[in-house]
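Reader: I would like to learn how to read packing features in a model. Please take them one at a time.

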Amino acid sequence: MKNVRKLTEGAILLAAFTVLLLITIYIPLVGSIINIVLPAPFIIFTAKNNIKNIAAFFVASIVISFIAASFMGLAMMLIYGTTGVIIGYMLQKNKSRSAILIASTLTIMAGMIIFFVVTSAFMKMDITHELQAALNQSLKQSEEIAKSVGKEGQIEQLKKQVDMVITLLPSVLILGSIVASFIIQWVCFPIAKRFGVNVEPWGSLRNLSLPRSMLWYLLIALGANLLVRPEEGTYLFSVLTNAIYILGTFMVVQGLGFLFNIFHQRSIPKGIRVLVVILAFMIPIIHYIIMILGITDIGFDLRKRFAKKE
């Protein structure tokens, strides 16, 4: 009876995944939102079953995904399905939310890299090159518009921005994977709870404190960039630029944690906190101010100093 119940639950979850996959692929507008839920069936099934059953469910998903949506369906299933299995297995082992975030982020990154490599090898399509071509085409159109309105001086700035976008693609992949992993947890975990999966709550952002070593990494990257001054387009330039960008983003998160801690002490409404987060990633001057706060908080235990004054 127990095996029959598990088989039935697996079949229902597999059918739900197939429907979600078809919507994601064949109804792009809706699918751009629905795709975040794709790992949910895998999370639910993996969290409640043993390795043998998980393997059978995963293989069945591969077959059905390929039948339903060919190679695109197979690619999406491998990325989202593997992520769901990793998350579900870590939930089964009662791992922390932070550990789950790191593991799922690495899984998504690995899946995307493999997808890019396979696409380049078998479909003869270099996604980076295609993106650069699209940006250059957009740049040409912008150049024509700038000339027509007498603002040729902005063309050089636009070219630098396009080059920087290409340079920062590794950072976009890493940070995008982190954001995707966080959103998957945010959306899928409430669904998993309804199916009886035990999910540990998140710790509060106000208590977040990154290791001080990250500050040293940032200082080393900044120092190397100032001393060596690598030429644009070189490998060293790409490595240092991406390192500074990623570590700087982590400093912003640390700064937000510091502000949230102060807001909590002074009972400032949550709406203000949401506004600060939005402004931090939309307005450059606020972004850099919060980054400096994060750096100061890590380097000088700013949070503890404020706590002592309370």
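Reader: Which residues have the most contacts inside the largest nonpolar core?

Author: A nonpolar core is a set of buried Ala, Val, Leu, Ile, Met, Phe, Trp, Tyr and Cys residues joined through side-chain atoms within 4.5 Å. Buried means under 20% relative accessible area, exposed over 50%, partly exposed in between (1.4 Å probe, protein chains only). Here the largest core has 32 residues, and Leu38, Ile43, Ile87, Leu91 and Phe189 have the most contacts inside it. The model is predicted: local features need pLDDT of at least 70, side-chain atom pairs count only at pLDDT 80 or more, and totals for chains, interfaces and linings use all residues. Residues are numbered from 1 along each chain as its sequence is written, and side-chain values use heavy atoms, with hydrogens and water left out.

Reader: Which elements give two or more residues to this core?

Author: Helices (H or I, at least four residues) are DSSP runs, numbered from the N terminus. The contributors are α1 (2-26), α3, α4, α5 (97-122) and α8 (169-194). α4 gives the largest share, 9 residues. A second, separate core has 19 residues, including Leu247, Val276, Ile290 and Ile298.

Reader: What is Leu38 in contact with?

Author: Contact means heavy atoms within 4.5 Å. Neighbours within four places in sequence aside, Leu38 meets Phe17, Leu20, Leu21, Thr24, Met76 and Tyr80.

Reader: How many aromatic pairs are there in the whole structure?

Author: A pair of aromatic rings is described by the distance of the centres and the angle of the planes. Rings of Phe, Tyr and Trp (its six-membered ring) pair if their centres lie within 6.5 Å; planes under 30 degrees apart count as stacked, over 60 as edge-to-face and the rest as tilted. The search finds 7 pairs. Among them, Phe42 and Phe57 are edge-to-face, at 5.4 Å centre to centre and 75° between the planes. This pair links distant parts of the chain: Phe42 lies in helix α3 and Phe57 in helix α4 (residues 51-92), 15 residues apart. Phe17, Phe42, Phe45, Phe57 and Phe58 form one aromatic cluster.

Reader: Is Phe42 buried or exposed?

Author: Phe42 counts as buried because its relative accessibility is 0%. Phe57 is also buried, with a relative accessible area of 6%.

Reader: Where is Thr46 found, and what does Thr46 touch?

Author: Thr46 sits in helix α3 (residues 40-47). At 1% relative accessibility, Thr46 counts as buried. Not counting residues up to four places away in sequence, Thr46 touches Ile54, Gly84, Val85, Gly88, Tyr89 and Gln92.
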